[in-house]
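Subject: Structure handover

Hi,

Here is the structure I promised to pass on. Please open it alongside this note.

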Amino acid sequence: MTFNSWEFLLFYPIVALLYFVLPRKLKWPMLLVASYYFYACYQAELTVLIFGTTLISWIASNIISRTDNKRVKKLWLSITLIVCFGVLFFYKYFNFLSGSVTGVINMLGGEVSAFEMKLLLPVGISFYTFQTLSYVIDVYRGEVEPERNFFFYALFVSFFPQLVAGPIERPGNLVPQLKEPHRFTVDNGIKGGKHMLVGFFKKICVADLISVYVNAVYNDVESASAVGIIIATVLFAVQIYCDFSGYTDIAIGCARVMGIRLMKNFDHPYTAKTVKEFWSRWHISLSTWFKDYLYIPLGGNRCKKPRAMFNIFVVFLVSGLWHGANWTFVIWGVVHAIYQIIGTLTIPYRNSLIRRIGISPDSLPIAFIRRTVTFILVCFAWIFFRANTVGEAGIIMEKLFSTGWNVTISGTLTHMGLDTVAIAMTALSIITLVMLDRMVTYEDERDTSDILVRDASFVYLIWIILFAWALLLSKDMMSTFIYFQF
Amino acid sequence: MSILETPLVLVALCVMLTIHIATCFTPKLVSKILTYVNMTLHIALIYPLMYFQFDIDEAVLVYMISVFVFVGSRFAFSNIVKRREHTDDI
């Protein structure tokens, strides 16, 4: 059951209604049942995995909190890490590792075939594993009191709006809110509904529309031209943002209607002036998770520069791997690591250059150049993220830097399926997205957000979105969200 | 047959877009009435679009233009709309 399905349109209102109607003691058990049902609709047989992860981590967190013996604490933390990462590695990386090792052996002259298992990748495993681990680690650090009620803890792990694709919530934020009985308020209803609508718009009216043109290039790179690759990559940057942030918006909206505030996961990432800033605006829950549980424990930037650069490299390497079991994701992570390292090392020289030119670093022309350069760098990295294999990524590089320029733009657009109507639709949807994104804020602080909250025509927007949705029904209504594969 | 060659659809679209922009400037009660009229127009437009079996991309484009003008008009005239609105939505 994905968010963009008729089943969810039936499921969610029932759950929300029950949440407000049921007495306090029954609210969270109902949410727990609903969350497991939501997950079972994807893969009923794999609910045992999320249950098992929840059980192990709950036992570990309670033992850790009840003992003063540091060895015992470390033992149970280690057990949790091994079990959770073990399950994650097995389901997600076993075939990848097997294929990679086999490839290396064959390269060295051996003749072995890869041992592969037919494994169903559990939906959301990367997300709920990290969420579980953050809980246990926070208990170990003494930052959070463990939850004594197993079933309540299970709700924290499996809360359905953010279960399969984040945001990766922290116990300090989500647990108190789940415990508090929320009453329906018009403000929450409208703001939650606003987030959901924008999310559906991003997913259905932008991401799904653009995906057709992106796939036309990336699923046939041999026939693609350099111009086509550039257009498709820029469109992919928009697609993945709309797909992922659209999901997050829907998740935030679903929770907000019930009075629960999930954390912000995106903050206009493509307005970033540096790659470092990009990562403070993109998939915020994951980047803060890596900062708090990997980067800082490794030493962060409070060590000598070579070690600090190494720490950055490790974090982005792991981040790339987290996204998928493919060398393209690893390369994508490494590219971002290189960006960060070079960016950090060259900050003094860049600032010095700007000062010598005599322009303020915060002036509009400099800000525009920095945003443009950052966007280009991020898009270049997206090539590896989107490419199906390393070989195809190599072909793309070759076309971009040598052989792919002997085509006309009109021929490229025709090859991608971009006729006049398609270009108009793509342009309109992206421009509308930009305006909508600026008007709708997560913190509801800016005055312009009042336009959609208070304006009578807000209801009107609902109808427009629904019609666009209905008309797009024939275009693969049940398309999945990109980040479900992680 | 293309939507761009169909006077009925073009006229309906022009009316809908005009109402989008007009609701930014009209008094609140008139704005609400116009909103409901426009909602009805949007619903009603579905039927000729389906009856004449227009290309689905062109049909979607009509609604996308409507969404674009709706959001754009509010974006462009945000200060005017904000000053005019004082109470909750309908």
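Below are the conventions, then the findings by chain.

**Conventions**

This is a predicted model, in which local features need pLDDT of at least 70, side-chain atom pairs count only at pLDDT 80 or more, and totals for chains, interfaces and linings use all residues. Residues are numbered from 1 along each chain as its sequence is written, while chains are lettered from A and ligands numbered from 1 in the order in which they are written.

**Overall make-up**

Chain A has 19 helices and 0 strands. Helices (H or I, at least four residues) and strands (E, at least two) are DSSP runs, numbered from the N terminus. Of the 486 residues in chain A, 41% are buried. The burial classes count other C-beta atoms within 10 Å of a residue's own: 20 or more is buried, 12 or fewer is exposed, and in between is partly exposed, with C-beta atoms placed from the backbone.

Chain B has 4 helices and 0 strands. Its pattern along the sequence reads α-α-α-α. In chain B, 31% of the 90 residues are buried.

Now contacts. Two residues are in contact if their C-beta atoms, placed from the backbone, lie within 7 Å. Take the contacts in chain A with a separation of 6 or more: 73% of them join residues 24 or more positions apart. The corresponding figure for chain B is 74%.

**Domains of chain A**

The domain assignment of chain A gives domain 1 (6-181) and domain 2 (187-485). Such bounds come from an automatic or database assignment. Domain 1 of chain A puts 23 residues into the contact, and domain 2 of chain A puts in 22 residues. On the domain 1 side, α1 (6-21), α4 (70-107), α5 (125-140) and α7 (171-179) of chain A each supply at least two residues. That side of domain 1 of chain A has 14 nonpolar, 7 polar and 2 charged residues. The classes: Ala, Val, Leu, Ile, Met, Phe, Trp, Tyr, Cys and Pro are nonpolar; Asp, Glu, Lys and Arg are charged; the others, Gly among them, are polar.

Axes are lines fitted to C-alpha atoms, for helices over the stretch in contact, and angles run from 0 to 180 degrees between N-to-C directions. Under 35 degrees counts as roughly parallel, over 145 as roughly antiparallel, 65 to 115 as roughly perpendicular and the rest as oblique. A crossing is left-handed if the near helix is turned anticlockwise from the far one by less than a right angle, and right-handed if clockwise.

- α3 and α6. The axes of α3 (residues 47-66) and α6 (residues 150-158) of chain A come within 10 Å and cross at roughly 125 degrees. That makes α3(A) oblique to α6(A). The crossing is right-handed. I50(A), T54(A) and W58(A) of α3(A) meet F150(A), Y153(A), A154(A), V157(A) and S158(A) of α6(A). This contact has 6 nonpolar, 2 polar and no charged residues.
- α8 and α9. Helix α8 (residues 186-218) of chain A packs on α9(A) at about 155 degrees, with the axes 6 Å apart. The two are therefore roughly antiparallel. Their crossing is left-handed. The contact divides into 21 nonpolar, 12 polar and 6 charged residues.
- α12 and α13. Helices α12 (residues 305-323) and α13 (residues 327-357) of chain A pack at about 150 degrees, with axes 7 Å apart. They are therefore roughly antiparallel. α12(A) passes α13(A) in a right-handed crossing. Residues of α12(A) in this contact include M309(A), F313(A) and F316(A), and those of α13(A) include F329(A), W332(A) and Q340(A). By class there are 12 nonpolar, 6 polar and no charged residues.

**Single residues**

Most residues other than glycine have a negative phi. Two histidines with positive phi are worth a look.

H268(A) has phi near 50 degrees. It sits in the loop between α9 (226-257) and α10 (275-281) of chain A. H268(A) is partly exposed, with 14 other C-beta atoms within 10 Å.

H283(A) has phi near 45 degrees. Its place is the loop between α10 and α11 (284-298) of chain A. H283(A) is buried, with 22 other C-beta atoms within 10 Å.

Last, A367(A), in helix α14 (residues 364-386) of chain A. A367(A) counts as partly exposed, with 14 C-beta neighbours inside 10 Å. Leaving out residues up to four places away in sequence, A367(A) touches K273(A) and D362(A). A272(A) is 95 residues from A367(A) in sequence, and their C-alpha atoms are 9.2 Å apart.

Best wishes
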